[in-house]
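The structure is shown first, and the account follows.

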Amino acid sequence: MENQNSPQLEQSRVILLVDDEENIIRSVKRVLRRDNYTVFTANSGQEGLEILKTERVGVILSDQRMPKMDGTQFLSEAKQIQPDSIRIILSGFADLESIADAINRGAIYKFLSKPWDDDLLRQNIEEAFGHYELKLKNQQLTEDLKQSNKELKEHIAARQQMLSAIQHIIDSIPLPLVVLDSEDTVILQNNIVISALNIEFPAILGLTAAECLPEELIKHLKEHHNDPVSKLAIANESFNLYSKLIPLAGSEMSRLVILAPCENG
């Protein structure tokens, strides 16, 4: 096993060369020396598998005809150890049936023949690294998306819990309460407002004031828009009305309305 470091790259492109002929390994390394790869070499499939157990490899370039374990067998096992690596057969013995089968099973990315053209070999290896790095980038984006979705779900759950607590507090107030946004849509209510004002809807969230609130109340709010405290009658019942603008949704102001029945009618 040999290692050729590349200090110019922040993250090395690592390639594994597997061939039982040492002169072939030397020739391929000579072709690749300009490309700043970190190069590991092995003289058998078994030796290559041992390297893959300890080193992260982007591209594997293997001979086909090797003793004990041929290239397609080696790359099939290499896929189990490092499934993301891009696996290439470089061979002068075109056992097309086994190579085609390995390609169909995804064990081999490409077949290159011996003797090779140096520039074409470098180009194919460069493309293989591009394919490998794109795969890793997509995996990272997927993981980032999963993490973002997880954080979003946790945020939504926390918001729902907070809103549930707010609603519980609002429901515990023993006076009719409603909050209208700038478009006069009901965005908060307590349960008592439904029965106290004889509203026909079981819930009025999302409805406009004109759709659900008594006409007397709507008219009174328009006439006493700037009055924090006022009196009005709804269905022959008298109320003290407390009205206040509050910043509930960003920069827009919402109106809090609380009705307190007058004890003496």
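Glu-143 and Lys-146 both belong to helix α5, where three residues, about one turn of the helix, separate them. Their side chains meet in a salt bridge with an N to O distance of 3.8 Å; the term denotes a side-chain nitrogen of Lys or Arg within 4 Å of a carboxyl oxygen of Asp or Glu. Glu-143 is partly exposed at a relative accessible area of 45%, whereas Lys-146 is exposed at 51%. Here buried means under 20% relative accessible area, exposed over 50%, and partly exposed in between (1.4 Å probe, protein chains only). Helices (H or I, at least four residues) and strands (E, at least two) are DSSP runs numbered from the N terminus.

The model is predicted: local features need pLDDT of at least 70, side-chain atom pairs count only at pLDDT 80 or more, and totals for chains, interfaces and linings use all residues. Residues are numbered from 1 along each chain as its sequence is written, and side-chain values use heavy atoms, with hydrogens and water left out.

**Salt bridges**

Side chains of opposite charge can pair when their charged atoms come close.

| Pair | Closest N and O atoms |
|---|---|
| Arg-13 and Glu-126 | 2.8 Å |
| Lys-114 and Asp-19 | 3.0 Å |

Arg-13 is buried, with a relative accessible area of 18%, while Glu-126 is partly exposed at 39%. Together with Glu-133, these two residues form a network of salt bridges.

Lys-114 forms a salt bridge with Asp-19. Lys-114 lies in the loop between β6 (110–113) and α5, and Asp-19 in the loop between β2 and α1, so the pair ties together parts that are 95 residues apart in sequence. Both Lys-114 and Asp-19 are buried.

**Cavity**

One cavity of 30 Å³ or more is found in the whole structure. On a 1 Å grid over the protein atoms alone, a cavity is a set of points where a 1.4 Å probe fits but cannot get out, and a pocket is an open set with protein on both sides within 12 Å along at least five of seven lines; lining residues have an atom within 4 Å of a point.

The largest cavity holds about 50 Å³ of space. Elements giving two or more residues to its lining are β2 (13–18), α1 (22–32) and β4 (59–62), and α1 gives the most, with three residues. Among the lining residues are Asp-19, Ile-24, Ile-25, Val-28 and Leu-90.

The largest pocket has a volume of about 220 Å³. Of the 13 residues that line the largest pocket, those closest to its centre are Leu-180, Asp-181, Asp-184, His-225 and Arg-255. Both α8 (215–223) and β11 (252–261) give two or more residues to this lining.

**Surface patch**

Met-162, Leu-163 and Ile-166 make a nonpolar surface patch of about 250 Å². Such patches consist of residues with over 30% relative accessible area and no salt bridge; like charges are joined within 9 Å, and nonpolar side chains (Val, Leu, Ile, Met, Phe, Trp, Tyr) within 5 Å. Met-162 lies in helix α5 (residues 118–172) and is partly exposed, with a relative accessible area of 39%.

Note on methods:
Points joined across faces, edges and corners; volume = space filled by probe spheres on them. Areas by Shrake-Rupley, 256 points an atom, 1.4 Å probe, with all protein chains shown as cover.
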